[in-house]
Amino acid sequence: MEILKHECGIAMVRLLKPLEYYKEKYGTYAYGLNKLYLLMEKQHNRGQEGAGIGVVKMHAYPGNEYVFRERALGKDAIQEIFETVKTKISAVGLSGHDPEWVDSYAPFIGEIYMGHLRYSTTGKSGLSYCHPFLRRNNWRSRNLLMCGNFNMTNVDSIFNGVVACGQHPRIYSDTVVLLEQLGDALDKENHRIYRQYRDSLSGQKLSVTIEDNLDMTRVLAPTAPQWDGGFVICGATGSGDMFVLRDRHGIRPAFYYRDDEVVVVASERPVIQTVFDVPRRAVSELTPGSAIIVSKAGQVSVTDVLGEAENQRCSFERIYFSRGSDADIYRERKQLGRNVVPAIMESIDNDLAHSVFSFIPNTAEVAFLGMVDQLDKELNIIKEREILAAQADGTLDPKRLSEIMERNLRVEKVAIKDIKLRTFIAEGEARNDLAAHVYDVTYGIVENGVDNLVVIDDSIVRGTTLKQSILKMLDRLHPRKIVVVSSSPQVRYPDYYGIDMSRMGEFIAFRAAVELLKDRGMENVLHETYEKCRQQEKLLDIEMRNCVKDIYAPFTQEEISRKIVEMLTADGSINAEVDIIYQTLEGQREAIPTCPGDWYFSGDYPTPGGVRLVNRAYVNFYEGNADKR
């Protein structure tokens with residue numbers, strides 16, 4: 001499939017013991033830094049554009065740095081960052097100093113560690129857009145490090161609110177705006193405590209008292225309710241308070257682990273399990289709308305900040321983004337594979353004997369296993385039927401029984417991804433020709449002109465890779481019929497909560513529906529939908545409805561799939577018959593019952609901002625602004 005970009009991956013580690021404790025028990029002062037590195041590498045799939053880390057050192061002496069940050073761009077950003085950090089640490093020679101010196105002066109050795117893996121979803125790139133972002137101040141308690149896995153649908157209103165308060169953000173981006181919002185709330189919390197103690201304390205004692213009494217709930221409570229979107233926001237003050245806040249619908253994932261040594265937060269459960277060698281039951285999901293907060297003193301609490309709203313956990317996380325090593329995700333992906341088998345059997349006319357089954361590497365492999373499990377059951381039913389029939393007509397003998405029982409599914413590894421070509425094909429007029437060779441095929445496993453070739457992928461979104469690469473690659477094996485199966489439903493609507501799918505015209509399902517309307521003389525639906533979307537812009541967000549659903553309403557999923565096939569094979573370059581099968585929405589919901597957020601399939605957006613933006617996306621499409629988000 002085409003690589004879907006996802007914003008982003010987060011990791012946080014808060015050490016609860018003195019640094020000397022980790023040196024004595026684990027043999028290194030860099031225990032927290034090492035764990036951060038592993039957490040980030042295990043989530044590398046979430047960031048190919050860049051990465052960043054931040055470290056807060058709580059016991060630095062005045063005149064010495066206490067908030068460290070390092071960022072880098074590119075797919076090797078994690079390695080580059082930690083090599084740079086290693087060089088800086090090596091330069092001071094930790095082994096030659098006592099614990100007190102390390103505690104006070106050693107760079108990148110602290111108590112709070114923050115890591116971020118970036119995938120751009122806004123079209124903006126560059127080091128200045130890499131998290132974590134840092135708000136500097138000469139008072140430790142007013143410094144703020146922030147990163148997040150998020151996309152806000154109401155950046156305009158948030159930005160206008162910040163400006164209305166008198167601030168002047170340097171960059172127009174949701175990250176900067178959120179940083180300034182939170183920074184303003186942090187200033188107010190500092191000032192609240194200052195007013196409380198200013199008559200009895202002064203100077204350093206007053207500053208320390210402010211640091212000791214910061215309440216991060218008071219920082220989050222006035223700001224976060226203004227955010228419309230999916231988010232996990234991580235923050236740390238220069239004085240040692242830390243928080244991770246999740247959106248009220250649970251759109252973006254967050255998990256945590258705590259014991260008497262550490263508090264850990266990451267985007268994926270199995271990452272924490274692996275890095276800290278703890279059982280699944282020890283890792284908790286952060287409740288939607290809640291924040292896990294660790295105070296300067298190391299007190300840990302999970303606090304309800306926004307209130308938990310209707311469950312809209314992202315189903316695409318389960319289908320594609322999160323690691324399949326999670327026990328629940330593994331089972332769900334297998335079930336997705338099982339659920340498409342009835343449609344496959346219909347497509348191949350129940351002819352398992354002349355069908356070869358495979359998958360597109362690599363994320364579809366688990367769904368493939370589920371598909372094969374169910375196909376085995378179908379084969380057993382066929383075998384049982386043939387045995388009973390042979391028994392009834394008196395032809396069942398040991399030879400015939402052995403003949404039936406020895407029949408197996410023809411399961412093969414057809415496609416092999418040639419990763420070396422990925423960066424080379426990024427540019428140049430010959431891109432399409434080169435794209436056809438991203439996958440190598442295994443020859444000699446398909447009987448020319450006789451066999452069906454069935455391959456499963458986790459999703460078919462834009463159709464670009466399918467047309468330029470996969471179909472051509474499979475056709476080189478000369479099957480009678482190619483059946484491409486998507487373990488997820490048709491992606492029909494943009495995502496506005498962190499996945500890079502924001503332009504209407506990108507989706508092959510949408511383009512197919514538009515072509516069907518034209519084929520059937522129903523172009524009026526296109527204009528009527530445009531007018532409805534324009535009218536929606538006059539309403540309050542909470543009054544809007546998704547008018548783009550009208551584009552799909554006249555057609556069945558099968559009709560749209562057949563049109564997709566027609567569009568992808570229109571140039572006549574594919575010799576085999578082609579069929580495309582999508583997971584049904586019902587099948588997806590049955591396989592992933594705990595994560596019902598499926599707005600990209602169903603058009604049912606979890607927040608008002610999503611509805612507003614999908615209507616705007618259609619207006620942009622209709623007006624010819626194809627690249628406008």
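Good morning. A hairpin of 3 residues joins β9 to β10; helices (H or I, at least four residues) and strands (E, at least two) are DSSP runs, numbered from the N terminus. The model is predicted, so local features need pLDDT of at least 70 and side-chain atom pairs count only at pLDDT 80 or more, while totals for chains, interfaces and linings use all residues. Residues are numbered from 1 along each chain as its sequence is written, and side-chain values use heavy atoms, with hydrogens and water left out.

Strand β9 (residues 255–258) runs antiparallel to β10, with 4 bridges between them; two strands pair if DSSP finds at least two bridges between them. Here tyrosine 257 stands opposite valine 264 of β10. Strand β1 (residues 9–15) also pairs with β10 in the antiparallel sense, over 5 bridges, and alanine 11 faces alanine 266 in β10.

Why is β10 (residues 262–266) largely enclosed by the rest of the structure? Because 5 of its 5 residues are buried, where buried means under 20% relative accessible area, exposed over 50%, and partly exposed in between (1.4 Å probe, protein chains only). Val262, Val264 and Ala266 lie on one side, with Val263 and Val265 on the other. In a regular strand the side chains alternate between the two faces of the sheet.

I turn now to the open sheet. Its 6 strands follow the order β5-β6-β7-β8-β12-β13, with antiparallel pairing. The edge strands, each pairing on one side only, are β5 (133–135) and β13 (300–304). Strand β12 (residues 290–294) pairs with β13 over 5 bridges, and isoleucine 292 has valine 302 of β13 as its bridge partner.
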